[in-house]
Amino acid sequence: MKTIFKIVAVVLFIGAFTACVQDDDYSVPAIEETGSNIANPALGNHSYSFATVIAMQTAAGSLVEFNNQVPQNDGKDSYITGYVISNDEGGNIYKSIYIQDAPENPTAGIKISVDAYDTYIKYNVGRKVYVKLNGLAIDDDNGVITIGVADGTSLARISALDLDDAVQRDSTVETIVAKATTTGAVNGSTIPNGILIEIPNMQVPVGDLGATFANIDNTFSVNRNLISCDDNGIVVIRNSGYSDFKTVEMAGGKGTLTAILSKYNSNIQLFVREPADLDFTGPRCDPLFSENFNTLAAWTVFSVTGAQDWYASSFGSTTFAKISGFTTSAQNNEDWLVSPAIDLSTAVAPVLNFDNVKRYNGPDVEVLMSTYYAGSGDPTTATWTTLPATLDTNTGSWTFVNSGDVDISAALGGNVYIAFKYTSTTAGAATIEIDNLIVKEL
Amino acid sequence: MKKTILTVLFGLAALFTMHAQQTIVKGQVVDGDSTEPLTDVVVSIKGTALTQTTANQGTFEFSSGLPLGEQSLVVKKNGYLPKEYTIIITEGKTVDISTLILNEDIGEAEDFSITLTDEELDSDESVSSNTSGILQSSKDVFARAAAYEFSATYFKVRGLDSENGTLLLNGIRMNKAFNGRPQWGNWGGINDVMRNQDFVNGSKANDYAFGSVGGTTNVNLRASSYRKGTRLSYASSNRSYRNRVMATHASGLLENGWSYAVTAGRRWADEGYAEGTIYDANSIFGSIEKKINEKHSLNFTSIYTPNRRGKAAGMTQEVFDLKGNKYNSYWGYQDGEKRNSRIKEVEEPILMLNHYWTISDKTTLNTNIGYQTGHIGNSRIDYRASNPDPTYYKKLPSYYISNNPAFNNPAEAYNRLQEFLNDGQLNWDELYASNASANMQGYHDVYVSYEDRNDDTQWSFNSILNTEITENISIDAAVNYTTLKSHNYAKVLDLLGGTGYEDADKFLFTDANMLDPNRIVQKGDTFKYNFNLLSTSYDAFAQAQFKYNKVDFYVGGQYGNTTFQREGLYQNGNNPTNSLGKGEKLDFTKLGAKAGLTYKISGKHLIDLNGAYIQDAPTMRNSFSNSRESHNVVNNLTEVKTTAFDASYIFRSGILKSRLTGYYSKIEDATEVAFYYGDGLTGLSDDRAFVQEALDGIDKQNMGLEFGVEAQVTPTIKLKGALALGESVYTNNPNVNLSYVNQSGPQNFDYGKANLKDYHIAGGPQRAASVGFEYRDPKYWWFSATANFFSNAYVDVTAITRTKYFALDNNGIQIVGYDEDVAKELLKQEKFDNYMLVNLVGGKSWKIGNKYIGLFASIANVLGEDYKTGGYEQARSANYTTLLEDTQRPTRNFGPKYWFGRGTTYFMTVNFRF
């Protein structure tokens, strides 16, 4: 009995002291998704356009502190409104947030320099943001208009502690429509720098197939060329050796390139955010055949008449095939320049394309094709079909004219030979130059 | 005064028993409160080999070999205050002391030290646990000073760790195979039933096991050994926990042969001494024994003390200077509560069945079966975005102050300083928000809370034989067999509001388990790594103890075998051919030999000599270079050899007790494994990587002096002092091997030798001194104050900066501008400042009828001194260039991380016994 009493006393004693220790049961905190209020018209803050702030920097030609430009004593903030287009999750974008002034058809882009990583978590692509200009500065950073903080006369990164206040998030996330453009517009800077662009029908050049975004065994940044199927134009994407995807092979098909248009001084560079920005899944547009004529070794040069022959020539860094029937005076010539066999057995809609120049008066060069040529020797024994290429008519200049895409699908199924037949007479001998010859899929 | 009366009384008693022809000394020992006879009381005659242990009736009788004249009868029992009686033995007469009274040692002081011992250092990269838990039951002057006064500084007795000590519960070894240490958390909060301890110092002979060189303690948990009664206690403190309740009831030996004891308790705190350190522990103990007959007794013991506590982080000098020693970077506010990201949870119940067979009055055989299961979990945050640690070097002001003007940013440094002072804690809300934001964009979680788990299941079987061959010679022998399966894995605890976490290497994107690629894990899932460590160990031990008048000696030996094997359950993406299934079976032979003698120059002067040689398996932690990801074993893994000697001079008089010991021990062929992120790693194919560093062939040495003295200058005042002068150093240059994984796969580098020779072993102070006094008032109150001085504590050095690669650049040529004198300065081992701690302790007890009330209070570090208990150099700056650059900064980015001792703390308990 006494024992039971003792045990009960013990248990009650423990019970009286049982205390809770807060541990373990944590519920997900409520995350309030209220955006910045800076743009509320009721507050009367000053909204600026990208153009205006960029002009502030251009006018000064050096670092501009916004506190010297925007109203200071009225208790209002000054800001610009932009949309995030960059994503640093993949590691190719470093300590930067790129914004443009509209989700579609932007007129300008600005880079914000921040001392923070993984900004993608809060500043995701499409997020509408307000950059509060008070306390910040703007400068031309090697050609890129950048907002940061002033550190003497140079631009420094915005501290991670100040980021929430300097770049305020709105609760809106818009869909960014990349600006469709061409390699020419990109390289020629005819579209605003700092915006998100897309170029269709791009691919990795044949020689770079299988290359990775950057180097596997070091952390250097690497420039990669991408070539357009439409106009053979080349753009450069620059990939960081610290990116997560540096060891990923660039996709080998043809497709749309999406990237941030940027530059380094006068060199245009594009930054992709992730491997999927190279949406290269379609069939490639590699030429079935190409020739830049730095030698004619692969071609057959056959002279029917006359001492002048086709030869490989160059001017500056351009190489081309050239012939002139004129020495001292015009001569009689018939000269054939015949390509090696071009395999069209798997082609679908092959076209021929080349650049040509005609200078001085004389007969036009003829562009011919044949499937019967033996491959070497006298071409005149084979049957040739004339091709309707666009030829240079301006005999007064050396400017190359493109032939346009010449349909050679009649030769489908086997090998085709392309020939340039030059004729000159004593009445006239033009100088003909042929360059950048390709046979490709339409 | 008391002594004189007793002397006279016994003298009279002797006269009245003059009839007997034989010379006899006999008597009975009873408990001062209950007047019940006391068993297991050791009665001996000083200066002779005569000693007996009382049995059921509490009686003893010496009938031969008795010296004549004035002798001292010493009466001792664990848990009771010892007594000495002067008796006069006359030839042919009987000395009969029919009621020898022993009073229970209310045990206040023992609460104090147990509180200290069940605190491990709360860090993953933990500095050693000391042996104080093993020492606390000793009555040796020096050992008591080490246990009570020195242990808060992580002082190591003779430079040895708790892995060099042996802890037994009811004869079963409790040191864990993983790191060789006892897991104090497995029996926390049941102090009342842990008082019955048998301790031997160093490698001395004990009756249960071969032991080791750092002392052996056996805790007796037999139900019948507990004093009948009930004890309730409440304690209040500001150390690891704030409150403790404990209730114990023991039945004592009942008439039907049964006895039982139960303890239940709870310790808790919303916050211990350091910020954010929650403490939540429950304890339950039950022991039940049936005395089958005079010869056989069967005991069943169960211990279950689950506990959870929040850990506190080590910090650099910069952080300490800004925030003080209560600062803890592991916690942050959530819902207004402090939530700690690193919680340690220990839940490992122990069950034991013990059989005691008194084969004859000279021989006993004790057979035990022990079973332990459960788990240990250590939680933390894993991240794929920015490091959430508020003390990450890029978040501290020091990062923004540089001698290089390009990197010097005082404005930002000021910003960061304010941020850190005003907040400086983990931002849980930010982790949840980041996960939500990432999920919204179609990414997986960037933060997750998970725990590293060790789920150990262990069976132990042993049998211990003790037999008295003759009066002077006894033999002890034992066989042990242990088998362990340790399941190690990571487990997702909390997705922090997210939808799923990628189970892949965050730098190399390889799968954690190629058998289940591209896996996204949810709460409760196992992930990251998953493997078993299987271990089997057996050994046999035998020793002989000889006790004569002038000399006692012993000799003992041990032989056995331990095997380890890793069994991978995941095929790790970084080590696809070397991680799945069973790895190499590692086999080690255990050997041990020891001997010692005690020479009694006289009753007052003793010389004690001991020597031991032990060859044992390395711990599992030091055997595998990266057990989470591969089967790889540390190079040159072999048995660790320990050799130890000690020689002591012991002086004991009526008022003075002292011991002076010189000791020496060396440990050879040890291995150590560490993990860190290195920067400036010359000689590898990457100059920055997360490496596993394995050292092999490490030789260490400890030697020094111990001195302890206690002088009972008046009946109430005792002066005490202790001094430890030790030196623990590395004695050779071990081999360094670095391994890591990069894009090309696993890499392995022989980094040559680390010039560690003559560097000091890290840890607590290697020199300590204590002076103090103790006052015991006859009115049952007592008070003690000590002043304690500590010096010669050293930081843990990194091995790679002491290799030849420190001076070389990536081409293997000496770094341009390398200055040998500067290098020597950079590589000097930091010695921590000396400090003094003052401790006060006191208590009072009241007796009301047959009930006791006791009150005990202690205040440690009264002066509130700041001191470092340990620290380690960060290996981040791995070569001359990066280290010089870091040290030249006004405040270092990668300075050593330290643990600081607590300021003034108290512990107060009130107990009630009836």
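Two strands count as paired if DSSP finds at least two bridges between them. The views that follow are taken from a predicted model.

**Pairing of strand 2 and strand 3 in chain B.** Strand 2 of chain B covers residues 42-45 and is joined to strand 3 of chain B by three bridges. The two strands run antiparallel. Within this pair, B:Val43 lies opposite B:Gln52, a residue of strand 3 of chain B.

Chain B is divided into domain 1, residues 2-102, and domain 2, which comprises 108-382 + 449-903. Taken over C-alpha atoms, the centres of domain 1 and domain 2 of chain B are separated by 41 Å. To their contact, domain 1 of chain B contributes 10 residues and domain 2 of chain B contributes 13 residues. On the side of domain 1 of chain B that touches domain 2 of chain B, one residue is nonpolar, five are polar and four are charged.

**The contact between chain A and chain B.** This contact involves 25 residues of chain A and 35 residues of chain B. Helix 1 of chain A (residues 2-17) supplies six residues, the largest share of the side of chain A that touches chain B. By class, this side of chain A consists of 15 nonpolar, five polar and five charged residues.

**A hairpin in chain A formed by strand 21 and strand 22.** Strand 21 (residues 311-315) and strand 22 (residues 318-324) of chain A run antiparallel and are joined by five bridges. A:Ala312 stands opposite A:Ala321, which belongs to strand 22 of chain A. Two residues lie between the strands of this hairpin, and A:Gly316 in the turn has a positive phi of about 65°.

**Helix 6 of chain B and the glycine that follows.** Helix 6 of chain B (residues 410-422) has 13 residues. From its first C-alpha to its last, helix 6 of chain B reaches 18 Å, close to the 18 Å expected at 1.5 Å a residue. After helix 6 of chain B comes B:Gly424, with a positive phi near 75°.

Key:
Residues numbered from 1 in each chain as written. Chains lettered and ligands numbered in written order. Predicted model: local features only at pLDDT ≥ 70, side-chain atom pairs only at ≥ 80, totals over all residues. Contact = placed C-beta atoms within 7 Å. Helix = DSSP H or I, 4+ residues; strand = E, 2+ residues; numbered from the N terminus. Nonpolar A, V, L, I, M, F, W, Y, C, P; charged D, E, K, R; others polar. Domains from an automatic or database assignment. Expected span 1.5 Å × (residues − 1).
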